[in-house]
Every structure is written in C-alpha cells, then in structure tokens.
Amino acid sequence: MNAYLHCLSHTPLVGYVDPAQEVLDEVNGVISEARARIAAFDPELVVLFAPDHYNGFFYDVMPPFCLGIGATSIGDFSSAAGVLPVPTALAEACAHSVMKSGIDLAVSYCMQVDHGFAQPLELLLGGLDKLPVLPVFINGVATPLPGFQRTRMLGEAMGRFLSTLNKRVLILGSGGLSHQPPVPELAKVDAHMRDRLLGSGKQLPPDERELRQRRVIEAAERFVEDQKTLHPLNPIWDNQFMTLLEQGRLTELDAISNEELSAIAGKSTHEVKTWAAAFATLAAMGRYRAEGRYYRPIPEWIAGFGSLSAMTTN
Ligand SMILES: O=C(O)CCC(=O)/C=C/C=C(\O)C(=O)O
Ligand SMILES: [Fe+2]
C-alpha cells in the first residue's frame with residue numbers, strides 16, 4: 001500500500017453548539033478509529049485538500065486551486081494557529097508537475113488558512129506540525145467555483161506526481177457534505193462586507209471576528225430549533241455521493257453543475273470538491289478500496305457529517 005486517504009467533514013461549531021453527548025461520543029469514536037488507521041499506515045507525507053471561508057482567499061485574487069508552498073493557520077474559532085510544515089522543494093516540484101499536466105494550479109508562498117485546514121490536521125494527526133504537508137486550497141465558497149471535472153483532473157495530476165515519490169502518502173479531504181452555514185456572498189453584502197471580501201478581511205479586527213463567529217453560532221442554534229431557517233441537510237444526496245466515491249465512479253460527478261449542487265445540498269456543499277480531488281488523487285495512484293464509512297446529519301454543526309477512508313490495494 002502506498003497511499004491512504006481520509007475525508008472528513010469539518011465544523012467550526014464544535015465546542016460551541018454541540019450535539020447530545022452520545023452523538024459526540026460516536027463522532028469522536030469514528031475519528032479515533034480513523035486516526036488509528038492512519039497511524040498504522042505511518043505516512044511520510046500528507047496532501048491536504050481543503051477550502052477557505054474568507055480568511056485566506058479574497059476577491060482581490062481568487063484562484064480555483066492553490067498549492068501552499070508556505071502556509072500559516074490563523075486559528076479561527078477554536079482551531080490551532082501556526083505554521084504548516086510544507087517541504088518547499090517538494091511543493092515546488094509538485095506545482096511544476098501539475099502545471100505541466102495542463103492544470104492551472106496557483107501557488108502561494110504565504111498562504112493563510114483557517115479551520116478548514118487546521119481541523120483535520122489536529123483531529124487526524126494530533127497537530128499542525130506532525131508531518132510534512134502539501135496544502136491544496138480548493139475554492140468552495142466564492143463564486144465562480146471550479147466544477148467537479150476540473151477538480152477531478154487536479155486530483156489526478158497530483159496523484160501522478162505523488163506516484164513518482166516512493167513515499168507513503170496520506171491524502172486528506174476536508175469539508176462538506178450537505179450544508180449551508182451563513183457565509184457572505186459578494187452579490188448580497190453591504191459596502192463594508194464587500195470591502196472585507198475584496199481583501200481587507202485578511203487581518204480582521206478582533207471585535208469583528210468575534211461578531212462573525214457569533215453569527216455562525218447563532219445560526220446553528222436557530223437551525224437546531226427550526227431546520228427551515230437554513231438550506232436543509234440532504235442525507236440522501238450525501239449517501240449517494242459517498243457511494244459514488246466508494247465505488248470509484250468519480251467521472252459521474254462531472255455531470256453535476258455547481259448550480260445543481262447548490263440547489264440539491266446547499267451552497268457550502270462545494271466543499272466536497274476536496275473529497276472528489278482526494279479520491280481522484282488516490283485513483284491515479286492505483287486501485288483502491290474504501291473503509292470506515294460513517295454518516296450522520298448533525299444540525300448542531302449545520303452539517304451532513306461524514307467520514308470515509310480508502311487505501312490503494314496494489
Ligand atoms: O465570514 C464568515 O462569516 C465565515 C463563517 C465561517 O467561517 C463559517 C464556516 C463554516 C464551515 O466551515 C462549515 O460549515 O463548513
Ligand atoms: Fe467549511
């Protein structure tokens with residue numbers, strides 16, 4: 001086995017608006033098991049596909065995909081802050097290889113990331129700094145968004161590069177599944193927020209950050225009371241999506257447009273492109289089989305919450 005994959009929903013709401021203790025225990029159990037499987041695989045390198053929520057990427061320049069050749073986590077909500085250990089030369093080689101494959105991958109030597117990147121590193125590895133990581137941003141909130149087809153092709157190009165390394169590679173996907181928390185949309189915001197989305201939000205004043213976090217927390221509290229207050233979770237679609245990935249039917253996702261996906265499962269569901277990229281990466285590294293599938297809709301976290309592992313078998 002040369003590659004192991006784990007895809008996991010993330011939520012900034014953990015610790016702020018939590019489900020019942022038995023649900024929390026169940027989720028923690030699923031994460032502990034995934035963490036043990038990853039430890040047994042003993043990865044030498046991590047590739048992490050994750051989105052951003054207007055903490056690192058703004059409308060001054062909004063790439064569909066960006067590889068961090070250097071990256072720092074800001075520590076929003078209760079996620080860890082700090083530098084991600086990106087191996088510079090390897091990341092540069094990766095960027096060249098993916099670009100030569102015909103995929104327009106942006107690079108950043110000072111990529112700012114949020115809980116979308118930090119949470120899986122903390123939960124699955126025990127911290128930001130445990131292993132060398134290639135962090136790949138996939139735009140999941142700021143339209144225009146990349147589609148499933150280009151995302152799959154990005155993953156395949158990454159997989160071809162990783163296959164040349166002769167390393168045990170852990171591939172992580174962070175985010176999704178169905179959900180639509182309150183994330184600002186450029187077309188709908190006032191002048192102040194527009195300025196923030198255009199780039200002045202990169203160093204948010206503490207009071208404004210607090211307000212922003214409170215807005216998400218309060219939306220979750222309302223959603224628990226009344227699930228008509230936000231786009232509903234969609235367990236049927238979420239499970240169909242996980243089955244497609246398990247069965248290696250990745251190209252079938254190409255036909256789903258971004259508009260359709262928003263309508264089916266909510267505007268933040270585009271975060272599942274990280275799962276699609278992760279599985280495409282794995283598929284380019286060999287035949288695979290999935291394991292450890294878990295799913296539960298968790299309104300407290302405004303999340304169709306899923307967890308899925310897979311490994312190459314050749
Ligand atoms: O600008 C804002 O208010 C962003 C809010 C935010 O960060 C929400 C994040 C939600 C998720 O990461 C999620 O549910 O996937
Ligand atoms: Fe998110």
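Both faces of strand E2 are covered: Leu45, Val47 and Phe49 on one side, and Val46, Leu48 and Ala50 on the other, are all buried (buried means under 20% relative accessible area, with a 1.4 Å probe and protein chains only). The model is predicted, so that local features need pLDDT of at least 70 and side-chain atom pairs count only at pLDDT 80 or more, while totals for chains, interfaces and linings use all residues. Residues are numbered from 1 along each chain as its sequence is written, chains are lettered from A and ligands numbered from 1 in the order in which they are written, and side-chain values use heavy atoms, leaving out hydrogens and water.

Strands (E, at least two residues) and helices (H or I, at least four) are DSSP runs numbered from the N terminus. In a regular strand the side chains alternate between the two faces of the sheet.

Two strands pair with E2, where pairing requires that DSSP finds at least two bridges between them. Strand E9 (residues 169-174) runs parallel to E2 and is joined to it by 5 bridges; here Leu48 stands opposite Leu172. Strand E8 (residues 133-138) is likewise parallel to E2, with 5 bridges, and Phe49 stands opposite Val136 of E8.

Another sheet is open and consists of 3 strands in the order E5-E4-E7, with mixed pairing. Its edge strands are E5 (81-84) and E7 (111-113), each of which pairs on one side only. Neighbouring strands of this sheet are turned by 20° against each other on average, direction ignored. Strand E4 (residues 71-74) runs parallel to E7 and is joined to it by 3 bridges, and Ala71 has Met111 of E7 as its bridge partner.

Turning to the helices, H2 (residues 88-100) and H4 (residues 148-163) pack at an angle of about 125°, with their axes 9 Å apart. The axes are lines fitted to C-alpha atoms over the stretch in contact, and angles run from 0 to 180 degrees between N-to-C directions. The angle makes H2 oblique to H4, because angles under 35 degrees count as roughly parallel, over 145 as roughly antiparallel, 65 to 115 as roughly perpendicular and the rest as oblique. H2 passes H4 in a right-handed crossing, which means that the near helix is turned clockwise from the far one by less than a right angle.

On the H2 side, the contact (heavy atoms within 4.5 Å) is made by Leu90, Ala93, Cys94, Ser97 and Val98. H4 contributes Leu154, Ala157, Met158 and Phe161. These residues divide into 8 nonpolar, 1 polar and no charged, where Ala, Val, Leu, Ile, Met, Phe, Trp, Tyr, Cys and Pro count as nonpolar, Asp, Glu, Lys and Arg as charged, and the others, Gly among them, as polar.

Definitions and conventions: Buried < 20%, exposed > 50% of the residue type's maximum accessible area, 1.4 Å probe, protein only.
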